[in-house]
Amino acid sequence: MTVRLTDFTLRRTLLAWLLGPLVVLLLLDVAVTYSSSVRYSNEAYDRALHEIAREVCLHVRYDGDRPRLEMPPGTERLLMVDQDDRIFYKVVAGDGSLVGGDPSLPAPLKLYDGRPAFYDDMLGKERVRMVAAHMNCDEREKHETVLVQAAETLNKRNRLAGDIRASVFIPQLLLIALAAIVVYYGVARSLHPLQLLKRAVSDRSHLDLSPIPTTGVPGEVRPLVEEVNELMLRLGTTLNFQARFIADAAHQLKTPVAGIKAQIEVALREQNLGEMQRSLAQLYMSADRLSHLVGQLLSLARNEPGAVESLALQRLDLNALALEVTMEWVPEALKRNVDLGFEGDQPIMIKGDPHRLRELINNLVDNAVRYSQDGGHVTVRVGGEAQPQLSISDDGPKIPVEERQRIFERFHRLLGTHTDGSGLGLAIVSEIASLHKAQITLEEDVDGIGNTFTVEFPTPDSPPPG
Ligand SMILES: Nc1ncnc2c1ncn2[C@@H]1O[C@H](COP(=O)(O)OP(=O)(O)OP(=O)(O)O)[C@@H](O)[C@H]1O
Ligand SMILES: [Mg+2]
């Protein structure tokens, strides 16, 4: 038999645990009642059977030492009279010879002197109750004892045992049936709040993330409901955030797409080849900006806090990686007349995802180079005695103190920033930093001009190889 997990319900488990022992109790009760009913009915009738044996004994006479039974037919009839059962007796002398009675009564197997033995036996094919005792039938003279046996069929005993059983068993059966009903309805009633809870949840719209009321919820289940409420709260925040982000992203995409459309229309109307080429060049730049925006949006989605699973952490040299990325920026820096420098001379080992860290450095260097003035200086530094550190300094316009927090928000750009940008770079940097459990800080440069972005990485657990 296979048990599916869905078969498991609290109701079934509770019923099994409560009703199971009740059924075992009932079976035990049947066994005990049966054996006691037989014992009590035997106790009641054995005494009468013993009396019959004693009565038979009163009719034993002695010829010298030889016993003989002198049972008047009237007395015998009186002794044998019973409405329900047939009665038998037998008297055997000490030497084993039959003194009187029914010779077909089987001899007892074992007897203890002086005490009558009561036992069940077979007479032919019929079950009988027997009493057998060695008796001294003439107390005035000392004769050898005779063995007196009396037997009777079991009809009245069976009837009495049956009556006892019925009188004990039926009320008990009723009691257990009542207990079973009470348990069944008690369990159903106790589980009713869970049914209500289930209905409250299933009746909800998938948009309703308000907390499930905990009034009337059993104490054992309340922590679970509270946890679900907590989860819904977090889910609500995430969904709101996502919805806002999609709206913002759509809004951000709408403007460049509309611009591109307008530029295409202008280009289409243009008759002059030179003008058309100018329009196409502008169009190319707009498409480039759009593609940058789409790239930043994808990068943001890739580095969401939930992306931990796709994080490919490995031991790497931050110094080498930062140098490599900085070198790639040299042509752009030269184009913008910015002096791009690098400081860092020894391997700094961290645990990180190389592709994501490359994105982080790219965004910070991009900002530093892009927002620096003509002839500005940008320095990428890698170091950190106690903790691995990467910092990018520029001598461009200082980011006001009150904006230092907000520039990490999505789509937030400083007022008066004329250079192109989607406002997502620092949001991506901050997501990547938190995926690496790194701290990012922004300070104004040591000389009071420009800005320094510093990313502080956690120390890798084990020392660098080699
Ligand atoms: N080094 C910097 N110097 C001066 N201002 C900066 C610097 N870095 C960022 N900013 C300001 O912070 C804003 C947000 O930067 P962020 O990198 O998030 O977006 P972006 O550069 O505008 O666009 P994107 O990086 O997505 O192309 C910028 O628009 C700019 O105003
Ligand atoms: Mg940027």
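Leaving aside neighbours within four places in sequence, aspartate 138 is in contact with Tyr62 and His143, where contact means heavy atoms within 4.5 Å. This is a predicted model, so to speak of local features takes a pLDDT of at least 70, side-chain atom pairs count only at pLDDT 80 or more, and totals for chains, interfaces and linings use all residues. Residues are numbered from 1 along each chain as its sequence is written, chains are lettered from A and ligands numbered from 1 in the order in which they are written, and side-chain values use heavy atoms, with hydrogens and water left out.

Back to aspartate 138: its place is in the loop between β6 (126-135) and β7 (146-153). Helices (H or I, at least four residues) and strands (E, at least two) are DSSP runs here, numbered from the N terminus. Aspartate 138 counts as buried because its relative accessibility is 13%; buried means under 20% relative accessible area, exposed over 50%, and partly exposed in between (1.4 Å probe, protein chains only). Cysteine 57 is 81 residues away from aspartate 138 in sequence, yet the two are 8.5 Å apart in space, C-alpha to C-alpha.

Threonine 379 sits in strand β11 (residues 377-383). With residues up to four places away in sequence not counted, threonine 379 touches Gly341, Glu343, Ser391, Ile392 and Ser393. Its relative accessibility is 18%, so threonine 379 goes down as buried.

Two residues with positive phi come next. Asparagine 337 is not a glycine, but its phi is positive at about 60 degrees. Asparagine 337 belongs to the loop between α7 (318-335) and β9 (339-343), and it counts as partly exposed because its relative accessibility is 44%. Phenylalanine 411, also a residue other than glycine, has a positive phi near 65 degrees. The loop between β12 (389-394) and α9 (425-435) is where phenylalanine 411 is found, and at 14% relative accessibility this residue counts as buried.

Glycine 96 lies in the loop between β3 (87-92) and β4 (98-101). With a relative accessible area of 52%, glycine 96 is exposed.

Now for the chain as a whole. The protein chain has nine helices and 14 strands, and it is divided into domain 1 (8-163), domain 2 (222-302) and domain 3 (310-456), with bounds that come from an automatic or database domain assignment. The centres of domain 1 and domain 2, taken over C-alpha atoms, are separated by 104 Å. Along its principal axes, the C-alpha trace spans about 160 × 60 × 40 Å. The radius of gyration of the protein chain is 53 Å, whereas a compact globule of 466 residues would have one near 23 Å; the radius is taken over C-alpha atoms, and the globule rule is 2.2 Å times the number of residues to the power 0.38.

Of the 466 residues, 35% count as buried. Among contacts between residues at least 6 apart in sequence, 65% join residues at least 24 apart. The accessible surface comes to about 28,900 Å², and 59% of it belongs to carbon and sulfur atoms; accessible areas come from the Shrake-Rupley method with a 1.4 Å probe, and for residues only the protein chains shown count as cover.
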